[in-house]
Amino acid sequence: MQNTLKASVAFEGPGLHSGQPARMVLIPAPAGHGIVFKRTDIALGNTLVPARWDLVERSPLCTRLVNTSGVSVSTVEHIMAALAGCGVHNALIEIDGPEVPIVDGSAAPFVRGIMQHGVRRLGVPATVYEVLKPVTVEKDGARATLLPSDRLTIEFHIDFAEAAIGRQSKVLDMRNGSFARELCDSRTFCRQADVEAMQANGLALGGVPGENAVVFDGERVESGAGLRHSDEPVRHKMLDALGDLALAGGPILGRYVGERAGHALTNTLLRALFAEPGAVRAVACDAAMSARLPGQGLIWSEIPAEQRCVA
Ligand SMILES: [Zn+2]
């Protein structure tokens, strides 16, 4: 069944790349509405920005949506991951700035905010996207693939020269709230070598090492109170992948494999999936499928306290 939020919930703070502060309010929405952003700081024109793969602008470091009137919202991937991971299919997201607050660099504060009120069933089947045949895209030594599967599984492999990151791999079946338990608290990360280049290009202006991003510099790690998981970087890449896949417009049943992939490549993968004849089928979710969706059956009070995301 389609779900929405039981109550509105607000978040505030600067964006990672613009550094501009914004207040963002998640508001319950009816079945069929989908996830739609609304820029409340813009008075004229079409200020609604639907969270859809075909509205993603090419941008290497974050996922930026731009509507047909040129109105945009940047860095949507972590809030999209939180909504998908909690099984929320419908919400209006009012935001009074150009970029989603980075909060602590992870999706844990969003998951906590959503789950403190819980989700409401809307009595209408969700549309699910079943992957029917393998689709792969590659660029510059990175690869992203979707394979047929009766559930969403995310598999990710990264390989960095920085000794503190190195090679990391993880596979996770996304059923039964595993996103909330295992991925949502892993934070955005980057290499010190990239920070100056990003800032020279007007990016990462809101980044505070250790506070809203983990920064790796050779053997040294600026991570605040320490890494939250020894493999926090690959977990964050999986979090990003879930958020980017959520732009399909509904839950995907398939196995995603990312090899050094990023936001742009995952979006290219969705474009390839929907362009390839017979690669994907939109179906009304039945009870058996529903039980396999991320977030289905996730009840905050049932998650052991030590496994909750405490950001
Ligand atoms: Zn991210």
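These legends describe close-up views of one predicted model.

**View 1. Helix α5, residues 232–245.** The helix has 14 residues. From its first C-alpha to its last, α5 reaches 20 Å, close to the 20 Å expected at 1.5 Å a residue.

**View 2. The annotated binding site at His 78, His 236 and Asp 240.** The "binding site" feature comes from an unreviewed UniProt entry. The three positions are spread over 163 residues of sequence, yet they cluster in space. The largest C-alpha distance among them is 9.5 Å. Helix α5 holds His 236. An α-helix has 3.6 residues a turn, so residues three or four places apart point the same way.

**View 3. His 236 and its contacts.** His 236 has 28 other C-beta atoms within 10 Å. The cut-off for buried is 20 or more, so His 236 counts as buried. Leaving aside residues up to four places away in sequence, His 236 touches Ser 186, Arg 187, Thr 188 and Phe 189.

**View 4. Asp 240 and its contacts.** Asp 240 is also buried, because 26 C-beta neighbours lie inside 10 Å. Residues up to four places away in sequence are again not counted here; Asp 240 then touches Glu 77 and His 263.

Methods. Residues numbered from 1 in each chain as written. Predicted model: local features only at pLDDT ≥ 70, side-chain atom pairs only at ≥ 80, totals over all residues. Helix = DSSP H or I, 4+ residues; strand = E, 2+ residues; numbered from the N terminus. Expected span 1.5 Å × (residues − 1). UniProt positions renumbered as here; feature names shortened; annotations may be inferred. Buried ≥ 20, exposed ≤ 12 C-beta atoms within 10 Å, placed from the backbone. Contact = placed C-beta atoms within 7 Å.
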